[in-house]
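Some labels used for a protein model rest on a value set against a cut-off. The questions below ask how such labels are reached.

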Amino acid sequence: NVQPQGAPLFIAFASLSMPEDALARLIADTTKAGGVVVFRGFSSGNPQAFITGIRKVVDQAGATNVAIDPRLFRSLRVDR
């Protein structure tokens with residue numbers, strides 16, 4: 001999904017602590033809308049647990065619309 005030049009990027013903030021069905025819908029809907037789902041980082045500093053959690057809610061083809069960027073959480077003051 002390439003954004004047209006000058007088009008705003010749709011960002012949805014998410015957490016693996018969300019219910020799996022809600023998170024799966026959020027990722028699918030955001031992907032269909034051309035956006036990206038952003039996570040703060042690895043819970044407990046454990047990348048393997050994050051990967052395992054993501055695999056439960058997203059197919060590998062949609063993984064390109066998932067990102068980890070704690071800077072966005074800080075700069076936009078997202079804390080919940």
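**Ring pairs and strands**

In this predicted model, the count of aromatic pairs comes to three.

Q: Why is the pair of Phe13 and Phe73 called edge-to-face?
A: The ring centres of Phe13 and Phe73 are 4.9 Å apart, and a pair requires centres within 6.5 Å. The planes stand at 80 degrees, and an angle over 60 counts as edge-to-face, so the pair of Phe13 and Phe73 takes that name.

Q: What makes this a link between distant parts of the chain?
A: Phe13 belongs to strand S1 and Phe73 to helix H3 (residues 70–75), and the two are 60 residues apart.

Q: Is Phe13 buried, partly exposed or exposed, and how do you know?
A: The relative accessible area of Phe13 is 26%; because buried means under 20% and exposed means over 50%, Phe13 falls in between and is partly exposed.

Q: Why is Phe73 described as buried?
A: Phe73 has a relative accessible area of 5%, and the label buried applies under 20%, so Phe73 is buried.

Q: What makes Phe39 and Phe50 an edge-to-face pair?
A: Their rings lie 5.3 Å apart, centre to centre, with 85 degrees between the planes; the cut-offs are centres within 6.5 Å and planes over 60 degrees apart, so the pair of Phe39 and Phe50 is edge-to-face.

Q: Why can this pair be said to tie together parts of the chain?
A: Phe39 is in strand S2 whereas Phe50 is in helix H2 (residues 47–57), so the contact joins parts that are eleven residues apart in sequence. Ring pairs also link Phe39, Phe42 and Phe50 into a cluster.

Q: How do you know whether Phe39 and Phe50 are buried or exposed?
A: Phe39 has 2% relative accessibility and Phe50 has 7%; because buried means under 20%, Phe39 counts as buried, and so does Phe50.

Q: What makes both faces of strand S2 (residues 36–39) covered?
A: On one side Val36 and Val38 are buried, and on the other Val37 and Phe39 are buried.

Q: How do you know that S1 (residues 11–14) and S2 pair?
A: Four bridges join S1 and S2 in the parallel sense, and pairing requires at least two, so the two strands pair. Ile11 stands opposite Val36 in S2. From S1 the chain passes through helix H1 (residues 20–32) to S2 in a right-handed β-α-β crossover.

Technical notes
Residues numbered from 1 in each chain as written. Predicted model: local features only at pLDDT ≥ 70, side-chain atom pairs only at ≥ 80, totals over all residues. Heavy atoms only, no water. Buried < 20%, exposed > 50% of the residue type's maximum accessible area, 1.4 Å probe, protein only. Right-handed = clockwise from strand over helix to strand, strands pointing away. Phe/Tyr/Trp six-rings, centres within 6.5 Å; stacked < 30°, edge-to-face > 60°.
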